[in-house]
Amino acid sequence: MAVKKRRLAFIIALIVIGIFALASALKIFEEDPGYSVVPHGNHNHYIPHDRDPAVPLHNFPQRPPREGERIMPDGRLVRVDE
């Protein structure tokens, strides 16, 4: 009986670890910043999720938005009044 209990506890532990690993890989516990980082040559561009596809990539900023800023769909960085 003791072996079966240990085996069951081991299987349950593996399942719990697997669930946390999957949740971490899917970024369930992380807050969505509202933009994606796109490598472009030797630098990065920060693209909002609601990007206007007609706007070229080089129009988007090469730095992430600071506290109180937002990247607009056309690539402008604007202050957000909270």
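Me: Before we start, what does "buried" mean here?
Reply: Buried means under 20% relative accessible area. Keep in mind that this is a predicted model.

Me: Okay. Is Tyr46 buried or exposed, and why?
Reply: Tyr46 has 13% relative accessibility, so Tyr46 counts as buried.

Me: Which residues make up the largest nonpolar core?
Reply: There are 5 residues in all: Tyr46, Ile47, Val55, Phe60 and Ile71.

Me: What is Ile71 in contact with, leaving aside neighbours within four places in sequence?
Reply: Tyr35, Tyr46, Pro48, Phe60, Pro61, Pro65, Arg76 and Leu77.

Me: How many aromatic pairs does the structure hold?
Reply: It holds 2. One of them joins Tyr35 and Tyr46. Their ring centres are 5.7 Å apart and the planes sit at 75°, so this pair is edge-to-face.

Me: Which parts does that pair tie together?
Reply: Tyr35 lies in strand β1 (residues 35-40) and Tyr46 in strand β2 (residues 43-48), so the pair links parts 11 residues apart in sequence.

Me: Switching to pockets. How much space lies in the largest pocket?
Reply: About 210 Å³.

Me: Which strand gives the most to its lining?
Reply: Strand β3 (residues 69-71), with 3 residues. The lining also includes Pro33, Gly34, Tyr35 and Pro48.

Me: And helix α1, what should its span be?
Reply: Helix α1 covers residues 2-25, which is 24 residues. At 1.5 Å a residue, the helix should span 34 Å. The end C-alpha atoms are 34 Å apart, which agrees.

Me: Which residue with a positive phi follows α1?
Reply: Lys27, with phi near 55°.

Technical notes: Residues are numbered from 1 along each chain as its sequence is written. This is a predicted model: local features need pLDDT of at least 70, side-chain atom pairs count only at pLDDT 80 or more; totals for chains, interfaces and linings use all residues. Side-chain values use heavy atoms; hydrogens and water are left out. Helices (H or I, at least four residues) and strands (E, at least two) are DSSP runs, numbered from the N terminus. The expected span of a helix is 1.5 Å times one less than its number of residues. Rings of Phe, Tyr and Trp (its six-membered ring) pair if their centres lie within 6.5 Å; planes under 30 degrees apart count as stacked, over 60 as edge-to-face and the rest as tilted. Buried means under 20% relative accessible area, exposed over 50%, partly exposed in between (1.4 Å probe, protein chains only). A nonpolar core is a set of buried Ala, Val, Leu, Ile, Met, Phe, Trp, Tyr and Cys residues joined through side-chain atoms within 4.5 Å. Contact means heavy atoms within 4.5 Å. On a 1 Å grid over the protein atoms alone, a cavity is a set of points where a 1.4 Å probe fits but cannot get out, and a pocket is an open set with protein on both sides within 12 Å along at least five of seven lines; lining residues have an atom within 4 Å of a point. Grid points are joined across faces, edges and corners, and a volume is the space filled by probe spheres set on the points.
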